[in-house]
Amino acid sequence: MKKKQISEAMLFIILFGILSLFSDMTHEGASSIRGAYLTLMGASAGVIGFISGLGELVGYSLRYIFGFIADKTKKYWPMTIIGYILDVLAVPALALVGERGWIWACILLVIQRTGKAIKKPAKDTIMSFAASQTGVGKSFGLQELLDQIGAFLGPLLLYFVMLCKGGDDLFHTYAFCFGILAIPGFITILLLLYTRKRFPNPENFEPEPKEYVPFRLKKNFVLYIAGISLFAFGFIDYSLIIMHVSRAYTGLSAGLAETGSIVTTGNLPLLYAGAMLVDALSALFFGYLYDRIGIKSLMISTVLSSFFAVFVFTMHSEWALLAGIALWGIGMGAEESILKAVVTSIVPKNSRATGYGIFELSFGIFWFLGSWLMGVLYDYNITSMVIVSVAAQLIAVVLFYLSKKCEA
């Protein structure tokens with residue numbers, strides 16, 4: 001009987017991973033050209049950094065509220081479905097903004113992040129019910145692998161769309177790309193409704209605790225929250241990276257391009273696709289590693305990724321750029337899989353959505369502050385931006401270590 005339950009739990013993980021694949025095709029495809037799109041509409045680095053951070057702030061801070069609601073109401077599926085609908089519909093709507101409509105584009109980006117805020121605590125909680133039966137690191141790593149395959153295919157799809165469409169009108173080419181992303185968005189909703197019908201009560205995967213355990217802020221959880229907050233503060237948003245690349249390598253901004261550069265405007269989605277491929281592989285690897293060595297795997301991945309800004313922003317070399325983006329992908333993949341696994345290990349079942357909400361609230365606040373600061377520092381002094389980014393992530397490693405010591 002237990003073997004059948006574990007098999008069903010893994011099927012649930014895989015189904016959710018596949019629908020996440022199409023979801024990530026939608027919004028990560030958009031992320032691959034979002035910074036360049038905003039630049040074409042006249043947005044500055046400071047504005048892009050602010051909006052990227054504001055979107056994350058809204059997306060993460062509201063997760064505490066919706067996590068609390070999910071724990072109280074146990075309406076995990078309705079909240080997941082509503083959130084997904086907002087998430088995947090806001091992206092193709094970007095095709096409708098005008099050439100000077102960067103304000104409307106920013107509003108849609110905030111709406112998309114609000115959708116993620118509604119769905120995330122409920123989704124991660126029902127995922128954790130199944131993951132508790134199959135190995136939390138392996139399960140979240142597998143889910144992230146499928147998720148990031150979609151994040152790889154989305155930019156790749158846009159690359160071929162741009163290749164086939166051609167033309168000199170870059171703005172309308174980008175707008176057409178956003179419209180194409182409605183297709184994987186629609187598939188996401190269909191798969192979500194099927195998964196809901198197939199598994200109406202995913203909470204049954206994990207046995208109920210023998211007694212009610214109220215949520216408490218343990219010292220190891222507080223230190224962990226501080227660590228992931230510093231990581232978020234120092235981890236530069238990809239919108240700023242792609243804006244830098246579009247200025248320094250592709251000639252999108254006059255006078256800054258390098259003649260003969262192989263990094264062209266048409267290849268921008270491929271850079272993000274490559275980062276997502278690295279993200280997918282590192283998620284699976286570090287997820288498996290987490291089941292064996294625990295939070296040490298998070299420390300290792302953070303050290304590896306912490307120097308990506310040095311390669312991307314201080315070395316005007318295409319090989320250095322590719323190495324930096326690969327390190328950025330390692331950080332994204334490992335953090336996305338392990339962060340959820342750690343919360344599942346620390347927080348009891350009956351208050352886990354609240355635990356997810358708390359850590360994502362803090363993560364979002366510091367992502368917002370960091371993104372805003374990084375955007376301002378980029379315009380003022382790029383070296384200072386890189387120093388702040390690296391230092392914040394390395395201090396986060398120390399806090400992860402202290403969290404592990406408190407656990408022992």
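**Exercise 1: a helix and its faces**

Solution. The buried residues of α7 are Pro184, Gly185, Thr188, Ile189, Leu192 and Thr195. Viewed along the axis of α7, they fall within an arc of 145°, so they line one face of the helix; the arc is taken over the directions from the helix axis to the C-beta atoms. The other side of α7 carries the exposed residues Ile183, Phe186 and Lys197.

The model is predicted: local features need pLDDT of at least 70 and side-chain atom pairs pLDDT 80 or more, while totals for chains, interfaces and linings use all residues. Residues are numbered from 1 along each chain as its sequence is written, and side-chain values use heavy atoms, with hydrogens and water left out.

Solution. Helix α7 (residues 182-198) has 17 residues and should span 24 Å; its end C-alpha atoms lie 25 Å apart, which agrees. Helices here are DSSP runs (H or I, at least four residues) and strands likewise (E, at least two), numbered from the N terminus.

**Exercise 2: a helix pair**

Task: describe how α3 and α7 pack, with axes fitted to C-alpha atoms over the stretch in contact and angles from 0 to 180 degrees between N-to-C directions.

Solution. Helix α3 (residues 76-90) packs with α7 at an angle of about 175°, and the axes are 9 Å apart. The two helices are therefore roughly antiparallel, a term for angles over 145 degrees. In contact (heavy atoms within 4.5 Å), α3 contributes Trp77, Thr80, Ile81, Tyr84, Ile85 and Val88, whereas α7 contributes Gly185, Thr188, Ile189, Leu192, Leu193, Thr195 and Arg196. These residues divide into eight nonpolar, four polar and one charged. Nonpolar covers Ala, Val, Leu, Ile, Met, Phe, Trp, Tyr, Cys and Pro, charged covers Asp, Glu, Lys and Arg, and polar the others, Gly among them.

**Exercise 3: a residue in α1**

Solution. Ile13 is found in helix α1 (residues 2-40) and counts as buried, at 0% relative accessibility.

Methods:
Expected span 1.5 Å × (residues − 1). Buried < 20%, exposed > 50% of the residue type's maximum accessible area, 1.4 Å probe, protein only. Parallel < 35°, antiparallel > 145°, perpendicular 65-115°, else oblique.
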